[in-house]
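My notes follow in the order in which I looked.

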Amino acid sequence: MNFNKRFYIPIIAAAVMICQVSAFAYKERKDYFAKPQIGGWFGPVTPLGLIGKKVETNLGGGIFVRFTFPYQFLKFGIDSSYQQFKSKGVNELQFIPVYGNVLFQLPIDIPVRFQFKAGAGVGWVYIKPDKLTNWDPIFMAGFEVSFPAGRLVNIGLRIDYIYIYEGYIKGSKNGGHILNTGVQLYFNI
Amino acid sequence: MNGSKFNILAQRVLALITATITMSLFSGCGNKPLLTELETNKLLIIIKGTYESNSPQPWSLPAICSDSACSSYSADHLNLVRDDNIKICTGDNGTCLGDVNPTAFMLDIAEMKLVSKSLSHFKFSNNRQTFAFSLNDAEPFFNGFGTMMDNDDVPADVYPAVLVYVRKMLMDGAIKFVPSGSGWSPSSVWDTFAEKALPSFNFNQYQVSSHYDKLRLEGLYLNRVYPLIIPIRDYMESWVFNKKFPYTVLEIRFVVKNFVKKYEYENYENNSYGVIHYYAFSDSLSDVDNDETVIGGNLLTVARTYTPGFVGEIRGANNRANAAHIIAIPANEDPKKYTLSSASVRKSNNCNIPQMPGETYASSISHQLDIKLRTEKFKVDWNKKVPSSCMYLDNIDNAGKAYVQNWDSYAGETEGFMIPTLAVFNNPAVSNSYIIENVSPGSYDLYISSVAPTYGQLYKDGEFIKYQYCPVTVTTTGFTDAIGNSSSIDFP
């Protein structure tokens with residue numbers, strides 16, 4: 001019996017470990033994406049609505065960081081970017097949003113990650129030819145598709161809608177609607 | 001990363017974001033709504049086609065035919081509308097019939113720019129705009145209201161001039177006369193406006209230079225219409241654009257109304273000889289001689305600005321017998337800048353000598369013979385004028401001096417000629433009270449013309465009589481003349 005116990009225990013232990021290795025692997029694959037992330041994005045930024053008549057689409061880019069909540073599919077992110085909209089005439093709009101947002105990842109187990117996000121923050125707005133600046137509150141909502149490409153790198157596409165709220169200022173007739181689209185590259189750290 | 005550390009970090013970041021939003025909300029008090037500013041225009045551009053800034057003279061283009069059968073042209077048409085540059089197809093004695101009066105004026109502007117004091121250009125109206133105006137008093141362009149243009153705002157600055165890039169200016173009623181067995185046979189001339197073919201003629205191509213430009217080296221590259229440089233003559237000689245005011249109006253006037261004349265040039269296109277009659281602006285300032293195609297120097301413009309709500313007016317009575325123009329110019333300015341020294345400054349220039357016909361490639365024998373005949377005629381005319389009236393080449397010491405001096409003084413008068421920024425027309429037969437509207441605060445000298453305006457002609461020196469109690473000071477609450485009268489500026 002002693003001989004059997006000693007013989008079988010390593011075999012059973014090895015079997016358990018082999019099974020557990022695959023279980024560990026599954027958990028690690030998810031874990032990499034759930035690690036804190038930092039990255040950047042780049043793509044066309046479009047003014048919509050009334051300001052879209054005054055200034056034109058341009059290229060913009062930004063950076064962001066993300067942290068995962070204890071609940072695996074919920075993340076918290078901070079995002080910032082620089083967007084400059086010019087026109088053929090003298091009008092120009094420069095916009096630097098800084099906002100926090102909450103991301104919800106669709107909990108389906110496929111290699112591609114879909115994330116919905118919503119958030120709020122502030123934006124620095126500068127207009128020409130008036131040469132005036134202001135910090136305005138902003139609200140955003142968006143959608144992301146990400147492809148984890150290994151343990152470290154993720155590649156994604158984003159589409160965000162940002163609303164610049166100026167209604168609390170006396171004399172304001174409308175807010176700003178801006179669409180950010182682009183590709184992003186970010187790293188799990 | 002374990003849960004508690006994350007919680008602390010998340011709480012701190014959320015607090016930071018909330019604080020920033022709250023701060024921005026409070027800092028927003030007293031701020032301007034930038035996105036609304038981006039869309040609102042504080043600068044309005046109004047263009048008018050009249051000599052007057054408000055209350056213009058009604059259209060008085062003479063009827064072209066002397067009777068309903070149109071067997072001959074009317075005397076008024078031949079004397080006032082037909083320019084003396086028409087020598088081939090004159091229309092005297094019922095010859096060369098077929099001309100019609102113009103009914104529309106078309107304008108094609110590529111863009112407009114403002115020039116600041118540091119000479120940088122601002123593309124504040126970077127869109128092509130086309131306009132078509134009927135030559136009648138219902139048209140806002142001609143009845144004193146004006147037409148608004150498309151534009152963006154500019155930074156608050158001092159702007160001495162506006163540049164208007166005029167692509168085309170057309171008038172309809174152009175006729176081509178071709179010699180045929182039964183006399184001159186007329187047909188319409190067609191041109192393109194706003195990408196459509198219309199029976200019209202683009203005379204802007206001949207406004208690029210004037211005869212005077214052709215005498216100088218600068219004429220090789222000078223372009224009077226693209227861009228058309230219009231100084232903004234405000235009380236302070238420049239326009240200070242301040243964004244504190246809700247609106248500022250920039251008024252640009254082209255002298256078109258009652259200033260349209262008929263010109264002629266010969267055309268040898270397509271191997272067929274024809275004489276073209278077309279309508280353009282009167283050559284009251286820069287006379288156009290026969291056999292000349294350039295009509296530049298006759299596009300008279302003036303620009304001024306005012307801020308609605310911060311303007312006054314000048315009102316009074318014209319107690320004289322004749323219909324007149326009443327003008328207001330900055331106090332102590334020389335009125336001779338607004339009048340001509342003679343009916344034709346060019347013809348009074350002793351050194352206005354004939355020009356040799358240019359070398360052209362004739363496409364037919366008759367064209368070549370015409371050129372030879374013109375060259376001979378030029379020699380005869382030249383010998384008649386030189387040296388009896390212009391010391392040109394007879395004295396080697398003075399050679400060229402008199403020529404340069406005479407043309408310099410011609411240029412001094414024609415290039416320095418100005419349209420008054422404020423002018424109204426008054427006909428005492430209708431009502432003898434006049435109002436000059438939208439007057440920026442300042443001191444003005446008022447003048448009234450001693451004679452009624454003649455169609456197509458500018459006023460001459462001495463034809464303006466000064467108001468006896470100048471200067472008239474205008475404020476936003478009223479006006480006062482030099483002796484304290486604040487109710488009516490009357491011309492006895």
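**Disulfides, then a serine**

I began with B:Cys89, which a disulfide (a pair of cysteine sulfur atoms within 2.5 Å) joins to B:Cys96, S to S 1.3 Å. I noted that both B:Cys89 and B:Cys96 are buried, where buried means under 20% relative accessible area, exposed over 50% and partly exposed in between, with a 1.4 Å probe and protein chains only.

This is a predicted model, in which local features need pLDDT of at least 70 and side-chain atom pairs count only at pLDDT 80 or more, while totals for chains, interfaces and linings use all residues. Residues are numbered from 1 along each chain as its sequence is written, chains are lettered from A and ligands numbered from 1 in the order in which they are written, and side-chain values use heavy atoms, with hydrogens and water left out.

A search of the whole structure gave me 2 disulfides over all chains. I then looked up the one between B:Cys65 and B:Cys70, whose sulfur atoms are 1.7 Å apart; it is left-handed because the torsion about its S-S bond is about -60°. I recorded B:Cys65 as partly exposed at 25% relative accessible area, and B:Cys70 as partly exposed at 25%.

Turning to B:Ser449, I found this residue buried at a relative accessible area of 0%. Its side chain makes a polar contact with the side chain of B:Tyr459 at 3.4 Å, the term meaning a pair of N or O atoms within 3.5 Å, of which, within protein, one must be able to donate a hydrogen and the other to accept it, and residues adjacent in sequence count only if both atoms are side-chain atoms.
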